[in-house]
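These notes are meant for a colleague who is opening this structure for the first time. Please keep the sequence and the 3D view at hand while reading the numbered points.

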Amino acid sequence: HLNTRGLPTPIAKIVGVPVQNSASLDWCDTRITSIYFGNGRRIFQEGMKWFADGPEASGELDFIAVEKWFGSHCKIPVSKHEGAVAAGMVVASVNFIDGAKAEFKADGKGFLTWKGQAFTSPALESAFLELMQLPVVD
């Protein structure tokens with residue numbers, strides 16, 4: 001969820017609390033079991049191991065490296081966008097342990113959406129690249 005210091009943006013504006021465009025997105029609602037990227041790369045957990053497959057090297061990933069990645073990037077800095085954003089292509093489809101699914105989408109103009117919330121986040125884009133490039137250990 002986008003964090004705006006506890007107040008929804010419309011209410012913050014009404015009561016005169018300054019609204020900043022910077023916020024954080026906590027996108028790991030619960031434990032993640034897999035992420036499918038738009039380029040065909042998939043990072044997924046089976047048992048106590050993490051794996052990657054797709055257009056690059058496939059195989060087992062270093063468990064600690066993947067867990068550290070989630071620990072560092074489940075809450076990410078973003079700049080909120082209040083205007084309408086066109087539905088875009090899927091950048092990453094996320095599957096959670098409870099069966100829920102959600103998607104990061106890009107509109108092609110630099111905006112991303114997560115559960116209907118539009119934002120920009122160079123930090124998230126570089127984090128996804130980092131995850132996709134974790135080396136296979138076997």
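1. In which sense do strand β4 (residues 42-46) and strand β5 (residues 49-53) pair, and over how many bridges? The two strands pair in the antiparallel sense, and five bridges hold the pairing. The model under discussion is a predicted one, and that should be kept in mind for every point that follows.

2. On confidence, the protein has a mean pLDDT of 85, with 84% of its residues at 70 or more. Where pLDDT is low, the predicted coordinates should not be read in detail.

3. To return to the hairpins, β4 and β5 have two residues between them, and Gly47 in that turn has a positive phi of about 60 degrees. Glu46 has Lys49 in β5 as its bridge partner. Strand β5 is also joined to strand β6 (residues 59-61) by three bridges, again in an antiparallel arrangement, and Trp50 has Leu61 in β6 as its bridge partner. The hairpin formed by β5 and β6 has five residues between the strands, and Gly54 in the turn has a positive phi of about 135 degrees.

4. Strand β7 (residues 75-80) deserves a look from both sides. In a regular strand the side chains alternate between the two faces of the sheet. In β7 the covered face carries Ile76, Val78 and Lys80, whereas the uncovered face carries Lys75, Pro77 and Ser79. Strand β2 (residues 22-26) pairs with β7 in the antiparallel sense over five bridges, and Ser24 stands opposite Pro77. Strand β11 (residues 117-120) also runs antiparallel to β7, to which two bridges join it, and there Ser79 has Thr120 as its bridge partner.

5. The count of disulfides comes to one, formed by Cys28 and Cys74 with their sulfur atoms 1.9 Å apart. The torsion about the S-S bond is about -80 degrees, so this disulfide is left-handed. Cys28 lies in the loop between β2 and β3 (32-37), while Cys74 lies in the loop between α2 (63-73) and β7, so the pair ties together parts that are 46 residues apart in sequence. Both Cys28 and Cys74 are buried.

6. The largest nonpolar core has 32 residues, and those that touch the most other members are Trp27, Ile35, Phe70, Phe104, Trp114 and Phe128. Helix α3 (residues 122-132) supplies the largest share of this core, namely five residues.

7. How many aromatic pairs does a search of the whole structure find? The search finds eleven. In one of them, the rings of Trp27 and Trp114 have their centres 6.1 Å apart and their planes at 80 degrees, so this pair is edge-to-face. Trp27 lies in the loop between β2 and β3 and Trp114 in strand β10, so the pair ties together parts that are 87 residues apart in sequence. Phe104 and Trp114, by contrast, form a stacked pair, with 4.2 Å from centre to centre and 25 degrees between the planes. Ring pairs also link a cluster, whose members include Trp50, Trp69 and Phe70.

8. Trp114 is buried, with a relative accessible area of 1%, and Phe104 counts as buried because its relative accessibility is 0%. Leaving aside neighbours within four places in sequence, Trp114 is in contact with several residues, among them Leu25, Val94, Ala102 and Phe119.

9. Lys115 lies in the loop between β10 (112-114) and β11. Most residues other than glycine have a negative phi, and most peptide bonds are trans. Lys115, however, has a positive phi, near 50 degrees. At 43% relative accessibility, Lys115 counts as partly exposed.

10. A last point concerns Val91, which is placed in strand β8 (residues 89-96). Its relative accessibility is 23%, and Val91 therefore counts as partly exposed. Beyond its neighbours within four places in sequence, Val91 is in contact with residues including Tyr36, Phe37, Phe104 and Leu112. Val91 and Asp107 are 16 residues apart in sequence, and their C-alpha atoms are 9.8 Å apart in space.

How values were computed:
Residues numbered from 1 in each chain as written. Heavy atoms only, no water. Buried < 20%, exposed > 50% of the residue type's maximum accessible area, 1.4 Å probe, protein only. Helix = DSSP H or I, 4+ residues; strand = E, 2+ residues; numbered from the N terminus. Pairing = 2+ DSSP bridges. Disulfide = S-S within 2.5 Å. pLDDT = per-residue confidence, 0-100. Contact = heavy atoms within 4.5 Å. Core = buried A, V, L, I, M, F, W, Y, C linked by side-chain atoms within 4.5 Å. Phe/Tyr/Trp six-rings, centres within 6.5 Å; stacked < 30°, edge-to-face > 60°.
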